[in-house]
Amino acid sequence: MTTSGPGRPPHNDVLTPAEWRVAEQVRHGLTNRRIAERMGVSIDAVKFHVGNALSKLGLSSRKQLQVWNGVSKSTALHLLRRENMNAIANQDSYVMLGQVARTTKCFEDSHVWYREVLGLPELYSFGNLAFYDLGGVRLMLTEEEGDVTSESILYLRVPDIHAASEQLEGRGVKFINAPHLIHRHEDGTEEWLAAFEDNEGRALQLMAQIRVTAS
């Protein structure tokens with residue numbers, strides 16, 4: 001059980017909620033400055049949480065934290081596994097195209113163009129991210145800093161992101177980070193990602209959407 005300072009209740013998990021939020025973003029490859037901006041806290045606060053997480057987990061660097069394979073007890077994924085351990089593992093380990101990422105130099109202009117000119121149904125947007133429906137496959141539009149836009153990234157949907165990453169690692173695939181929670185929708189649906197490289201060093205992503213329905 002983790003304590004979290006004077007006047008705060010203990011947390012029955014290896015990390016506190018704030019440490020988990022920071023750790024997930026470190027695993028996603030974000031810098032301390034970017035994490036601070038997203039969380040609305042100081043860079044020193046982010047450094048504090050990173051240091052606490054490394055100490056509690058017995059890790060010595062951000063690089064080790066990035067590939068640490070832990071799952072928060074507060075997530076739908078943990079709840080699903082606790083209540084039905086074989087619910088995910090028993091599914092076929094198929095791979096489907098779930099999302100394609102496209103970068104743009106001007107998000108506001110492209111946001112309108114893909115919706116109004118190309119006519120793609122917009123699913124939702126927040127910040128400099130917009131998601132559109134391509135017949136069941138999501139198109140993620142995001143602004144790229146600088147003058148050079150990166151090539152599109154394929155996101156491969158799998159039922160069990162941890163089992164899929166372990167299977168691919170067994171085949172010699174190099175993962176950039178461990179499966180991690182990147183977003184939780186208002187309805188509780190969780191988005192999990194894990195980045196890896198193909199045989200020529202190009203980026204790919206495993207993705208999983210975890211939903212827990214009331215029984």
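Author: Happy to. A residue counts as partly exposed when its relative accessible area lies between the limits for buried, under 20%, and exposed, over 50%. Arg 115 has a relative accessible area of 29%, so it is partly exposed. Please keep in mind that this is a predicted model.

Let us stay with Arg 115 and look at its partners. The side chain of Arg 115 meets that of Glu 116 in a salt bridge, at 2.8 Å from N to O. Arg 115 also forms a salt bridge with Glu 122, where the closest N and O atoms are 2.9 Å apart. Together, Arg 115, Glu 116 and Glu 122 are linked in a network of salt bridges.

Helix H6 covers residues 107-117 and holds Trp 113. Trp 113 is partly exposed, at a relative accessible area of 40%. With Val 117 and Leu 118, Trp 113 makes a nonpolar surface patch of about 300 Å².

Strand E2 spans residues 122-126 and runs antiparallel to strand E3, residues 129-134, with 4 bridges joining the two. Phe 126 has Leu 129 in E3 as its bridge partner. The hairpin of E2 and E3 has 2 residues between the strands, and Gly 127 takes a positive phi near 60° there.

In the whole structure, a search finds 8 salt bridges.

The largest nonpolar core has 16 residues, and Ile 161, Phe 175, Trp 192, Phe 196, Leu 206 and Ile 210 touch the most other members. At least two residues of this core come from each of helix H5 (76-83), helix H7 (161-170), strand E7 (190-197) and strand E8 (203-210). E8 gives the largest share, with 4 residues. Another core, of 15 residues, lies apart from it and includes Trp 20, Val 22, Ala 23 and Trp 68.

Trp 20 has its C-alpha atom 9.6 Å from that of Ser 74, though the two are 54 residues apart along the chain. Ser 74 sits in the loop between helix H4 (62-66) and H5, and is exposed with a relative accessible area of 57%. Leaving aside residues up to four places away in sequence, Ser 74 touches Asp 13 and Arg 184.

Finally, the wider setting. The protein chain has 7 helices and 8 strands, and 39% of its 215 residues count as buried. Among contacts between residues at least 6 apart in sequence, 54% join residues at least 24 apart. The accessible surface of the chain comes to about 12,400 Å², and carbon and sulfur atoms account for 50% of that.

Note on methods: Residues numbered from 1 in each chain as written. Predicted model: local features only at pLDDT ≥ 70, side-chain atom pairs only at ≥ 80, totals over all residues. Heavy atoms only, no water. Buried < 20%, exposed > 50% of the residue type's maximum accessible area, 1.4 Å probe, protein only. Contact = heavy atoms within 4.5 Å. Areas by Shrake-Rupley, 256 points an atom, 1.4 Å probe, with all protein chains shown as cover. Patch = residues over 30% accessible without salt bridge, like charges linked within 9 Å, V, L, I, M, F, W, Y side chains within 5 Å. Salt bridge = Lys/Arg side-chain N within 4 Å of Asp/Glu carboxyl O. Core = buried A, V, L, I, M, F, W, Y, C linked by side-chain atoms within 4.5 Å. Pairing = 2+ DSSP bridges.
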